[in-house]
Amino acid sequence: MSDFKTILDAAIQQLGGNETVQKLLGVGASALSNYRQRGQLPAAKQAILEAELAQQGWYLDLEGLQFTPLNSGQQRRVLLLITGGIAAYKALELARRLMDKGYQIRGVMTKSAMEFITPLSLSALTGEKVFTELFSLTDEAEMGHIRLARDADIVLVAPATANFLAKMAHGLADDLASTICLATDCPVMIAPAMNPNMWAHPATQANLATLKQRGVALIAPEDGDTACGEIGTGRLAEPAVIIAAIDRLLAPQQAPPLLSEAPVKGLIGRHILVTSGPTYEPIDPVRYIANHSSGKQGHALAEACAKAGAKVTLVSGPVHIPDPEGPDTEGVKTIHVTTAQEMYDACITALPADCAICAAAVADWQVVNHGTQKMKKTKTGIPKLELAENPDILASLSQHAARPDLVIGFAAETENLHLNAQAKRQRKKCDWIIANAVGGSGEDAVFGQDNNRVTLIDAHGHEDWQQTSKAKIAAKLVARIERWFNED
Ligand code: CTP
């Protein structure tokens, strides 16, 4: 089976060799070998490469590891439903980028979308008629709405307004776009864009939950400034993120066994380092600074890696759960540590590793003036703790001379999940971040719970995963890791 390097090299060859591609991407020779080594290209460079190849009749998907000639039979058809928000103008860019990747686009616009962009501009771009009316005799004669709905490989609603999501959730069919959503039998993907308050409103969230439950794929909006001037979640996801999701959805044969816990043996021969649990930073022999981490997610990951055949070093802080045990986890060596410094030392000693997953909630600070005897209450007042920063294990592994090929961090955030986690990924120089919102209660609680809701963040963007058990998240992440290493 082909791996990243083989596919990239084949694509480079197709384009005329290293020098041509360096010129095309505006980079030097070292950049190309860097991409090969890292198994990744910067998103912008990847887009240029894909667009150029599509011009030449080739389809390149570096994530799905596909490089095939495009022929008309293979051209995948996207029925793009544009609904009426200010982000409608971005649908034009999205359509263009999809076409660059070899997708055939047929457009449908709602009445309110036409307040923002014209059917003419979309039609000029796609070279196809743009459909707007449910009851248009000409359109019905040329192509009934049922055929329109089914004559596609995917129905993509982008941008999807709050109103349109509500209509979809309630099965309304009062215009062409909503009728298509009911009539279609192909996968439906929505990329919402709206004001942050509208996005956060329980009505919108309930509609989304209904749609997700029915199997509609969601490309969550991003954090940042929205057109209405408010900051928060509501911006239409970047075209590259939407396109990557479509690539994945339409390449099921390439998809990992997502939520399956069936043992996969794709990590045989790999050494994976996992950190898990909290660290305890002593104040004196009886007191310490700690956090709520239970170690459940990190331990589940160590188990899942072992089930996939990897040799695993699990460096665990103090937890109340057993070491991974059972015949499937014989490959796990658990090292018990207490402080962040001990965890750091154990991790560095465990190198080399092919992959590191830092799931531990490492204390940021240690108490420099911790006592060797129990601190007593004295009349001189409350003791002052002097803190010093702990070594950052994730950042150190990412920049180590023996850097694992794939370094994955976690980000526990209480606000601006996507923005903060993406910034953290860049700051710590790791490849992926698994971000979760912490500090919630009830269904949204994370610490100590068996379920978790996470977002996978990489250089290309983010992908929200549905809430599920920590074991299933571990299985899904391990399937991703396996795909990254591309072992059969
Ligand atoms: N991490 C680490 N060593 C540290 C601190 C954090 O390896 N000293 C790792 C965690 O295991 C996790 C990631 O860094 O994979 C992010 O942890 P988090 O607590 O969210 O980030 P912080 O670095 O503590 O950043 P902040 O507190 O500013 O959010």
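Guide: Strand 10 and strand 15 (residues 355–358) pair in the parallel sense over four bridges. Strands are DSSP runs of E, at least two residues, and helices are runs of H or I, at least four, numbered from the N terminus. Two strands pair if DSSP finds at least two bridges between them. This is a predicted model: local features need pLDDT of at least 70, side-chain atom pairs count only at pLDDT 80 or more, and totals for chains, interfaces and linings use all residues. Residues are numbered from 1 along each chain as its sequence is written, and side-chain values use heavy atoms, with hydrogens and water left out.

Visitor: Which residue of strand 15 stands opposite L273?

Guide: Strand 10 covers residues 271–276. Its pairing with strand 15 is parallel. Opposite L273 stands A356.

Visitor: What is the bridge partner of L273 in strand 13?

Guide: Strand 13 (residues 311–316) runs parallel to strand 10, and six bridges join them. The partner of L273 there is T313.

Visitor: Which residues of strand 10 are buried on each side?

Guide: Buried means under 20% relative accessible area, exposed over 50%, and partly exposed in between (1.4 Å probe, protein chains only). In a regular strand the side chains alternate between the two faces of the sheet. Six of the six residues of strand 10 are buried. One side has H271, L273 and T275, and the other has I272, V274 and S276.

Visitor: Which strands stand at the edges of the five-stranded open sheet?

Guide: The sheet has the order 4-3-5-6-7, with parallel pairing.

Visitor: What is the bridge partner of M189 in strand 7?

Guide: Strand 6 (residues 188–192) pairs with strand 7 in the parallel sense over two bridges. The partner of M189 is A217.

Visitor: How many Å does helix 5 reach from its first C-alpha to its last?

Guide: Helix 5 (residues 88–100) has 13 residues.

Visitor: Which residues of helix 5 are buried?

Guide: What covers them includes helix 4 (43–55), strand 3 (77–82) and helix 13 (239–249), where contact means heavy atoms within 4.5 Å. The buried residues are A88, A91, L94, A95, L98 and D100.

Visitor: Which aromatic pair is stacked?

Guide: Rings of Phe, Tyr and Trp (its six-membered ring) pair if their centres lie within 6.5 Å; planes under 30 degrees apart count as stacked, over 60 as edge-to-face and the rest as tilted. By this rule there are two aromatic pairs. The stacked one has 3.9 Å centre to centre and 10° between the planes: Y280 and Y288.

Visitor: Is Y280 buried or exposed?

Guide: Its relative accessibility is 17%. Y280 therefore counts as buried.

Visitor: How many disulfides does the whole structure have?

Guide: A disulfide is a pair of cysteine sulfur atoms within 2.5 Å. The search of the whole structure finds zero.

Visitor: Which cysteine sulfur is nearest to that of C181?

Guide: C181 is in no disulfide. C181 is buried at 15% relative accessibility. The nearest cysteine sulfur is 9.6 Å away and belongs to C186.

Methods:
Expected span 1.5 Å × (residues − 1).
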